Amino acid sequence: MPEMDGLQATAAIRVYERENNLKPIPIIAVTAGGTNEEIALSVGMNEYLAKPVRLEQLRTALDKWLSGRVAP
Amino acid sequence: MTRKRILVASTPDGQYRVQQALASSYELRFASTVREAQNLLTEKLPEHAFDLLICGVHFDDSRLYELLSFVRDTDHLDELPFLIIQAKKGAIDVMDSLKGSAKLLGACGFLELQNMTASAANKALRHAVEEAFQTPVKEERIDKGSD
């Protein structure tokens, strides 16, 4: 992303949610390297998928984090 | 004179570093899990209140954000300043990004201790803590010398 990367975007989103009393949206890291799982989770991401992402992995993650959520 | 109280929520590496640097000047309490930290932070006696939270990036299986959320969502803790440390051995090639994230989350400082010598880490920690106590809450503090 041009202005901030995924870690910083996550931190910014989490602060925005807190300041506006919003329900936290699930955030899944999809990364080719650099960021490791521990770092991703530490700033507020919910899940970490390393590239290449297999369809089954993605499906499992989406099922895990989207189940029970209702579209606005 | 009452010494300022600091809660250190970190892995053993981080706890050791902080103990070495700050134990002679501050009253330190240590937590290895979010639950331990929450229990210490919510003790009711006024003399048990903390003046600063030092939290490690890898604390309790990377539950740093969970602890910070608890602090910010708890009435009497919502202005507690916090300093983030990275003490676990090993290179992290997203350190600049992590530092930027710490700033966005409201940290008053971010210290990369893992590659410092013991004396450099002690000096950096003492300096960062002194800065945290000298700067008013909610002011942008991370750019004022925590490097």
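These legends describe close-up views of a predicted model. Residues are numbered from 1 along each chain as its sequence is written, and chains are lettered from A in the order in which they are written. Local features need pLDDT of at least 70, side-chain atom pairs count only at pLDDT 80 or more, totals for chains, interfaces and linings use all residues, and side-chain values use heavy atoms, without hydrogens and water.

**View 1. The contact between chain B and chain A.** Chain B brings 18 residues to the contact and chain A brings 16 (contact: heavy atoms within 4.5 Å). About 1600 Å² is buried between the two chains, and carbon and sulfur atoms give 61% of this area (accessible area, 1.4 Å probe, lost by two parts on being put together, summed over both). Of the area that chain B buries against chain A, B:Ser62, B:Tyr65 and B:Leu104 supply 34%, more than any other three residues.

**View 2. The side of chain B that touches chain A.** Here α4 and α5 (95–105) of chain B each supply at least two residues (helices: DSSP runs of H or I, at least four residues, numbered from the N terminus). The largest share, seven residues, comes from α5(B).

**View 3. The second largest pocket.** This pocket is lined by 20 residues, and A:Arg14, A:Pro24, A:Gly44, A:Asn46 and B:Tyr65 lie nearest its centre (pocket: on a 1 Å grid over the protein atoms alone, an open set of points where a 1.4 Å probe fits, with protein on both sides within 12 Å along at least five of seven lines; lining residues have an atom within 4 Å of a point). With four residues, α4(B) gives the most to the lining.
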